[in-house]
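Hi,

Here is the structure I promised to pass on.

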Amino acid sequence: MDYTHWPDRLLGEKDPSGVSRRVFLKVCTAAAAAVGLPASAAEKMAEKVASGKKPPVIWLHFQECTGCTESLLRTSHPGVAELILDLVSLEYHETLFAAAGKQIEEALHESIRDNAGKYICVVEGAIPTKDDGVFCQVGGRTAVDILEDVASKAGLVVAIGSCASFGGVAAAEPNPTGAKGVPQILVGKPVVALPGCPANPYNLLGTVLQYATLGTLPAVDDKGRPRFAYARTIHEDCERRPHFDAGRFVQKFGDESHRLGYCLYKVGCKGPATHANCSLVPFGEVGDSWPVGLGHPCIGCTEQKVAFRVPMFSTVDVERLTPPGTYAPIFAEQGKITPLATGVAGLVVGGLVGAGLTLGKKLSAEAKREEHPEEKQP
Amino acid sequence: MKLTRRSLLKGVAAAGAAGAAGAVYRRAEARAKKQPPPDAVAMLFDSTRCIGCRACMEKCKEANDLPPDRVRLDGVPYDAPIDLSGTTKTVIKLYQGSGKTAFMKAQCLHCVDPACVSACMLGALNKREYGVVTYQKNKCVGCRYCQIACAFNVPRFEWNSPAPQIVKCEMCHHRFPEGKGPACAEVCPREAIQFGKLKELRAEAQKRIQDNPWRYHPDVFGDTEVGGTQVLYLSAVPFDKLGLPKVGDEPVPAMGETIQHGIYKGFIAPIALYAVTAYVVVRNVRRGEAEEQEEAARKPGEGEERKP
């Protein structure tokens, strides 16, 4: 984002880098807010950065399409420039680095040596293991070697994207290169997995910034995915959910129901079995810029058991019925008549009958009294 | 003397009735099992596939022009039926037990040998083309015997209507001429309810169990139950948990119809009983007349004796 024309850039307190403190705090707050950290985290983040303790990041690329990086480049709150230049210190990234060859290899080794135990190792792409991993080599070293070397001295290992998280498309049958995800290679070492094809960059920012700021890791589920992003299914927060609840489904791509934006379950949406926050945090801050928003069923890219395994247009089971209380029970509840109710009803009926009888008697007596004077008068 | 003869005749009548009943019983065993028509259609509900979206319920109302379940006093419709009713021909129900959930689609099972058809005294309910059990309102007198007869508690009565009818799933047979099957099967996003030929769906059900034995209860409900139904159920949980009672394989009308039809077979038993009764009456009348005449003959003598 271009802050140059903002008046507070002139008013704000300048820091040595030439960015106003106010603007910088805004960036930090936006980043914290975007990834669900408390507002106080923005302050801490700014302090850390101001004191020159930007978290060093080493980004490794293996068997992948660079889609996750491309996705990261399109974030704007904070923008990639702010991220790379202000919030983190990107030490090594094959796509973003101007340098190449020997120069960049040296930079990598230097960074590992200098920041041992502190840096964040982000892995993008699957790691081939077949035939000693010869299918992916950088600078003469195999992916397995590089990963084990870099990860061994890292403070935090993040697997970004489905490939790094569980093999992804590279590990799809028949998996010719024996591709595996980072958690399968680094057995025993905590790895934060951020599956997605591509992964939502905000999930990476959230994890990295929380580690950099608070020194803690986000709570993760049994597959190592941060719960702040992967605890709920797409289906639970889907913008098309009302159509599902009303039984309105897209019958065919391109038909009227598709144009009307009905639920995509019938044409193969994996949303009910897929844990991710795609429907809540749009990619690149553009609303609807995710498969379901664009009219394509979710393919379940964050789920190892779904993505690249279950055919794209076949349906899946709904993991969580919500809310189960609205369904009819198997045996519909019948009204029960308690003895108390019977007693009360008996008393009421008895009372009414008694009152009726008394009233009848009184009326007839009165009628008789009225009749007699009439007889006497003439 | 009189009493003995009377009791003798009674005994004869009783023996005749017992003989007829015996014949009925023998015929009960011989009653041919009804078979579905060769072109029978069917529906297959796979509980393990159902996701509870209730699109079928929605579409059923639309296709059958049914009103909402309830309308609030201010006129706002509230359509959340909890059971079949005069306004609801199918309901998705949820079984929840010991961590397991399963969906159930309640609707008419279109029995091969339906109890409602047997119980209906005016033939308002009929097994019609393709084996669909249909209802004709013009023949119905509203006795609701069909409700009592049905083993699955399916036919419902329009209690709120001044001219009530019986409401039950008729497999959308009014859509057949348009070349369409049941609306629920058409909209189901997961083919949890499928429409097709009975033979094919029976085979399909068996195939699914064989292919995924871990996924299914080993039986198909409706293959043999009450003599077979044209709506088949597959499930992961026992069927009685889904509200499908353990009904046995004997068709509900088997015993009742055999006795009824046996008694009236060729009208022999009623005529025999009538003949015996008529004989007794005639004999009694004749004897009575004879006694009267005897008394009349005696009376004048008696009167004369008393006079003086």
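Of the 308 residues of chain B, 40% count as buried (buried means under 20% relative accessible area, exposed over 50%, partly exposed in between, with a 1.4 Å probe and protein chains only). Bear in mind that this is a predicted model: local features need pLDDT of at least 70, side-chain atom pairs count only at pLDDT 80 or more, and totals for chains, interfaces and linings use all residues. Residues are numbered from 1 along each chain as its sequence is written, chains are lettered from A and ligands numbered from 1 in the order in which they are written, and side-chain values use heavy atoms, leaving out hydrogens and water.

Chain B has 8 helices and 11 strands (DSSP runs numbered from the N terminus: helices are H or I with at least four residues, strands E with at least two). For contacts (heavy atoms within 4.5 Å) with a separation of 6 or more in chain B, 58% come from residues 24 or more positions apart.

Now the inside. The largest nonpolar core has 51 residues, and A:Phe244, B:Phe152, B:Tyr233 and B:Leu244 touch the most other members (a core is a set of buried Ala, Val, Leu, Ile, Met, Phe, Trp, Tyr and Cys residues joined through side-chain atoms within 4.5 Å). Another core, of 49 residues, lies apart from it and includes A:Trp59 and A:Ile234. Leaving aside neighbours within four places in sequence, the contacts of B:Phe152 include B:Leu109, B:Phe221 and B:Leu244.

On the outside, B:Met255 sits in helix 7 of chain B and is exposed, at a relative accessible area of 63%.

Cheers
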